[in-house]
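Morning, everyone. I have one structure to walk through today.

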Amino acid sequence: MREEPPQKQQKQWSLDDFEIGKPLGRGKFGRVYLAREIKSKYVVALKVIFKAQIEKYRLHHQLKREMEIQTSLCHPNVLRLYGWFHDSERIFLILEYCYGGELYRELRKTGYLTEKQAATYIASLTQALAYCHEKHVIHRDIKPENLLLDHEGRLKIADFGWSVQSTNKRRTMCGTLDYLAPEMVENKAHDYAVDNWTLGILCYEFLYGVPPFEAESQSDTFKRIMKVDLSFPSKPHVSAEAKNLISRLLVKDSSKRLSLQKIMEHPWIIKNANPTGTCNK
Ligand code: AMP
């Protein structure tokens, strides 16, 4: 693998520029393959999306937005989109390859993460979100399935399908139930603070293995979110400092949630997060 990622050339990319390797996974709208750009030998993940699917679900604008946002972002904890091309039936996204796969799989394998792992991932996410917010991007769909790990265990936010680039308050209902902030459940206007709420949900899920407001039915989850019905089962591996951070993020009033800056200064993060962001055991 060469150091330099494939650069956009004068000519357009095409499938002939790549050697296709093993399938890496299957998403809602297509498949992802390991691939190598022939000239540079640079290894990438090639996401193949069928145009028919995009047309069927009228997702043309959403995909275009996802691609534009992701191309404009360049941060060690945000999955790079190097470029794209298409043929008559398919769209191909040239993505940074993440050897470690989904964080979700890691979480399911072990049940829960150590405080060192959890704090390292939360710090990486916080830095990535601070960068996105600076660029006026709210992700709104951060969940373990959208978090990938590279060969050093560094976290990468992927899938900008639900994100928006805006300076205004938003009013669209979206995202995944368990990770929704109260203002989104209520379909109220929301802003960057929805991502701060999600950091609290993820921190809990990393440490306990399940999201905090999980319930039998969707309406029960909604009710628990609205009440901020938060409880901490007794687990010896979860410290009081971790619970303090979670409680200060899962706050109904979005203006009172801990800021991204304050998360980075929180004693639990300072004590546990690996400053390099790498997390290989
Ligand atoms: P997606 O269509 O983005 O949901 O991707 C489907 C699956 O492919 C994911 O669940 C991952 O396991 C895998 N995958 C997607 N993107 C990458 C990537 N950049 N590097 C490695 N694996 C990936």
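Some ground rules. This is a predicted model, where local features need pLDDT of at least 70 and side-chain atom pairs count only at pLDDT 80 or more, while totals for chains, interfaces and linings use all residues. Residues are numbered from 1 along each chain as its sequence is written, and side-chain values use heavy atoms, with hydrogens and water left out.

First, the overall picture. The chain has 10 helices and 10 strands. Those are DSSP runs numbered from the N terminus: helices are H or I with at least four residues, strands are E with at least two. There are 281 residues, and buried ones make up 49% of them. Buried means under 20% relative accessible area, exposed means over 50%, and partly exposed is in between, with a 1.4 Å probe and protein chains only. The chain exposes about 14,400 Å², and carbon and sulfur atoms supply 51% of that. Accessible areas come from the Shrake-Rupley method with a 1.4 Å probe; for residues, only the protein chains shown count as cover. Now contacts, meaning heavy atoms within 4.5 Å. Take those between residues at least 6 apart in sequence: 64% join residues at least 24 apart.

On to the ligand. Which residues come nearest to it? Of the 13 residues around the ligand, they are G27, K47, E96, C98 and E102. "Around" here means near: one heavy atom of the residue within 4 Å of the molecule. Look at the polar atoms. A polar side-chain atom of K47 sits 2.9 Å from a ligand oxygen. The backbone contributes too. A polar backbone atom of E96 is 2.7 Å from a ligand nitrogen. For C98, a polar backbone atom is 2.9 Å from a nitrogen of the ligand. On its own, the ligand has 480 Å² of accessible area, and the protein covers 82% of that.

Next, the annotations. An unreviewed UniProt entry lists K28, K47, K51, E145, N146 and D159 under "binding site". Positions are in the numbering used here, feature names are shortened, and annotations may be inferred rather than shown by experiment. Of these residues, K28, K47, E145, N146 and D159 are in the lining of the largest pocket. A pocket is found on a 1 Å grid over the protein atoms alone: it is an open set of points with protein on both sides within 12 Å along at least five of seven lines, and lining residues have an atom within 4 Å of a point.

K47 lies in strand β3, residues 43–50. Is K47 buried, partly exposed or exposed? It counts as partly exposed, because its relative accessibility is 25%. Leaving out residues up to four places away in sequence, K47 touches R31, V32, E66, I91, F92, L93 and L95.

N146 is in the loop between β7 (137–138) and β8 (147–149). N146 has 5% relative accessibility, so N146 counts as buried.

D141 carries its own label: "active site", from the unreviewed UniProt entry. D141 is also in the loop between β7 and β8. At 6% relative accessible area, D141 is buried.

Now helix α7. Its buried residues are T221, R224, I225 and M226. What do they pack against? Helices α5 (182–185) and α6 (193–208). Take M226: beyond four places in sequence, M226 contacts P182, V185, E186 and K252. M226 and V185 are 41 residues apart along the chain, yet their C-alpha atoms are 7.8 Å apart. Just after α7, V228 takes a positive phi of about 45°.

Last stop, W268, in helix α10, residues 267–272. W268 counts as buried because its relative accessibility is 0%. Beyond four places in sequence, its contacts include E115, C203, L207, S239 and L245. The side chains of W268 and E115 are joined by a polar contact of 3.0 Å. A polar contact is a pair of N or O atoms within 3.5 Å; within protein, one must be able to donate a hydrogen and the other to accept it, and residues adjacent in sequence count only if both atoms are side-chain atoms.

Definitions and conventions:
1 Å grid on protein atoms, 1.4 Å probe; cavity = no way out; pocket = protein on both sides within 12 Å on 5 of 7 lines; lining within 4 Å.
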